Amino acid sequence: MLFPPVVMTASHSDSLVVLFGATAGAYGAKLGSDERELILLVWQVVDLPSKKVGTLHKSLVKADNLELSDQCREVSGLTPEGLGKAEPLDRVLQQFSQLVSSDLKVLGRSSYTLCSDGQLLIRQVLHPETSKKNFLLSDCFYSFYDLRKEFHTCYPSSAAVKDQTIKTMAEYLGLGTDETEEDFGVWQVKTMVAIIFSMLSESCNHIFTEPETVKYKYETGPCSKSETVDSETVIRARGLPWQSSDQDIARFFKGLNIAKGGVALCLNAQGRRNGEALVRFVNSEQRDLALERHKHHMGSRYIEVYKATGEEFLKIAGGTSNEVAQFLSKENQVIIRMRGLPFTATQEDVLGFLGPECPVTGGKEGLLFVKYPDGRPTGDAFVLFSCEEYAQNALKKHKEILGKRYIELFRSTAAEVQQVLNRYMSTPLIPTLPTPIIPVIPPPYTIATGSARDCVRLRGLPYTAGIDDILEFMGDATGDIKPHGVHMVLNQQGRPSGDAFIQMKSADKAFMVAQKCHKKMMKDRYVEVFQCSGEEMNFVLMGGTLNRSGLSPPPCKLPCLSPPAYAAFQTAAAVIPAEAALYQPQALLPATRTPQATAAAPPAVTYYPAQAAQLYMNYTAYYPSPPVSPTTVGYIAAPPGAVAAAATATHTPILPQPGALVRMQGLPYNTGMKEILSFFQGYQYAPDDYNGLIQLSDQARSVLQAPKEWVCL
């Protein structure tokens with residue numbers, strides 16, 4: 001991989017050190033995008049006032065992995081054997097500093113600044129590689145000139161900065177461009193020096209005054225919801241280790257300038273980190289460089305990097321609480337989150353728990369207890385420490401006892417403080433639903449269950465894709481989709497998994513769509529489109545897998561209804577509109593059954609907001625992945641009057657909602673089916689509740705009537 005020549009100067013003008021490099025992989029516009037190591041450095045000192053140069057130096061670098069790409073071999077002429085005799089990067093950089101100092105002394109100078117043929121050598125290669133190898137770069141690598149930008153400033157009529165190369169700049173000036181005359185790297189440095197001298201000529205008289213800078217460290221800070229965040233500066237990182245902190249993420253993006261308080265770790269519905277983060281950079285140029293680190297590694301895990309929006313960042317990191325703003329106003333503090341505090345714990349208790357070895361910044365002012373809107377404590381708190389040493393001492397107390405409870409301690413961020421406070425403070429004390437607009441009992445449309453290949457599977461959808469994106473992707477074929485025929489497959493967290501199934505009006509239509517749309521681009525990803533049958537679709541939607549070796553059934557060990565028997569629930573299964581995600585989970589659950597209400601329980605009616613009652617705007621609620629009961633997420637209780645009106649308007653059989661199904665929350669992660677059955681020992685289904693309401697298959701009826709047997713839905 002080639003590194004652009006870099007010019008180093010000290011007091012911004014007197015001396016430059018032109019530096020060129022190559023890696024064992026890609027070069028040019030993709031330099032550093034493949035994480036390959038540095039294998040070559042070439043440099044030369046340039047004295048700007050006298051226009052004199054020092055000795056040209058070329059040094060090979062021994063990489064940990066000596067395998068070279070074909071492109072690298074062809075362009076550089078280097079071999080693994082030759083690199084095996086070279087010095088490692090840390091020693092080469094030591095030699096670099098010594099030789100530059102010696103050359104500067106000969107020229108009567110003492111300082112210098114770097115200048116390169118672009119940003120990639122400094123930002124995408126040297127900083128990330130040295131960070132991974134755990135050694136520090138000298139200060140000179142934190143300030144450099146981008147020769148492409150300087151050249152465009154000097155010659156405005158030249159090509160755009162992103163299209164410039166050493167060769168195009170030389171051609172613009174009429175300089176020699178035969179790279180074969182010199183060794184690899186030597187020609188690039190000599191040409192860079194000639195370009196600089198042309199810019200210093202009397203006709204141009206260019207002055208190097210504004211170097212690029214690389215931030216030494218990430219700065220923490222609060223973010224207000226009233227701020228304006230440019231969407232061209234935000235990315236989403238996915239696949240992060242759950243214990244990673246904002247400093248770990250900043251280290252992953254080492255060499256790029258993250259905005260102050262620009263790392264926002266995302267939390268799931270339980271308030272725990274979900275392996276994602278939103279990162280805000282100082283400008284779009286830095287964001288574009290960050291996108292080139294897609295699938296780079298943090299430890300042994302690769303991290304996916306995608307574009308995100310300013311709205312997403314503010315939703316996670318923005319806050320409005322004056323209390324939080326005051327707490328986070330102390331800059332450059334290390335934030336620790338405490339979880340599991342006794343509800344009676346006071347500030348004095350927490351300070352005593354932490355002890356004198358980890359003093360809290362500002363004493364009691366450095367503590368922030370998280371509370372519900374009514375003032376009740378949640379058991380969470382955030383603590384500020386002035387330095388890393390105090391924070392490390394605090395983390396050693398992880399799972400120590402306070403009162404009768406063990407306390408968990410984690411690194412945290414300003415954005416996490418905002419998220420946790422926003423979540424608890426916005427939770428209503430009594431969950432309520434918006435006024436329903438249209439009472440609807442879903443029509444008895446049928447999900448295909450046969451072997452006819454009249455469905456298509458979309459794989460590799462962007463995680464941000466919605467129904468509108470899918471319909472736009474389908475183009476003219478949208479008219480051939482069956483009503484309610486778009487089914488998004490959700491993962492365990494209830495988020496889109498990247499898969500979707502679409503029911504077409506015929507097998508021929510499905511075949512045409514698969515041929516036309518396969519590997520067509522949606523946003524920045526290509527989507528695979530395969531023709532499949534309704535049976536295959538149902539298996540996947542029920543939690544099974546569909547791969548080259550065939551169908552793997554859903555992971556259900558107990559007797560369960562066969563796929564065709566699920567048709568009995570079709571008349572009652574509700575399709576979840578997007579707005580349903582806004583409702584509180586408690587509001588989606590049926591009321592507790594009472595003996596008096598059992599006999600007279602009114603039929604459940606599904607409610608949609610008006611804008612959700614569209615032909616294709618549906619998320620499937622039949623078989624979300626992993627499989628859960630359709631009724632646990634599909635129903636919203638309606639007023640009794642609307643229920644009566646809807647019930648008289650149709651003769652479609654409906655399942656009685658109250659008590660029909662229960663939802664269990666807070667289960668230990670290692671809970672198995674035996675533990676759940678033991679918990680419900682002595683209870684069984686009451687099949688009489690369903691007689692006359694739905695038509696059950698023999699298999700379904702035998703399962704429901706079996707004593708002490710439970711159906712896994």
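Buried means under 20% relative accessible area, exposed means over 50%, and partly exposed is in between, with a 1.4 Å probe and protein chains only. Keep that in mind for Arg280, which is buried at a relative accessible area of 17%.

Now the ground rules. This is a predicted model, where local features need pLDDT of at least 70, side-chain atom pairs count only at pLDDT 80 or more, and totals for chains, interfaces and linings use all residues. Residues are numbered from 1 along each chain as its sequence is written, and side-chain values use heavy atoms, with hydrogens and water left out.

The overall picture next. The chain has 713 residues, and 49% of them are buried. Its secondary structure comes to 22 helices and 28 strands. Helices (H or I, at least four residues) and strands (E, at least two) are DSSP runs, numbered from the N terminus. Contact means heavy atoms within 4.5 Å. Take the contacts with a separation of 6 or more: 74% of them join residues 24 or more positions apart.

On to salt bridges. Side chains of opposite charge can pair when their charged atoms come close. Here, a salt bridge is a side-chain nitrogen of Lys or Arg within 4 Å of a carboxyl oxygen of Asp or Glu. How many salt bridges does the structure hold? It holds 32.

Start with Arg280 again. Its salt bridge partner is Glu227, with the closest N and O atoms 3.3 Å apart. Arg280 lies in strand S12 (residues 273-281), and Glu227 lies in the loop between strand S9 (212-213) and strand S10 (234-238), so the pair ties together parts that are 53 residues apart in sequence. Glu227 is partly exposed, at 31%.

Next, Arg457 and Asp499. Their closest N and O atoms are 2.6 Å apart in a salt bridge. Arg457 is in strand S21 (residues 455-459) and Asp499 is in strand S23 (residues 496-504), so this pair ties together parts 42 residues apart in sequence. Arg457 is buried, at 10% relative accessibility. Asp499 is buried too, at 13%. There is also a network: salt bridges that share partners join Arg123, Lys149, Glu212 and Glu285.

Now a pair of sequence neighbours. Asp163 forms a salt bridge with Lys162, the closest N and O atoms being 3.5 Å apart. Asp163 is partly exposed, with a relative accessible area of 44%. Lys162 counts as exposed, at 69%.

Asp246 sits in helix H8 (residues 246-252). Leaving out residues up to four places away in sequence, Asp246 touches Tyr218, Thr220, Val263, Leu265, Ser412 and Thr413.

Last stop, a pocket. A pocket is an open set of points on a 1 Å grid over the protein atoms alone, where a 1.4 Å probe fits, with protein on both sides within 12 Å along at least five of seven lines; lining residues have an atom within 4 Å of a point. The second largest pocket has a volume of about 780 Å³. It is lined by 30 residues, and the closest to its centre are Gly28, Ala29, Leu120, Arg148 and Gln164. Helix H9 gives the most to this lining, with three residues.

How values were computed. Points joined across faces, edges and corners; volume = space filled by probe spheres on them.
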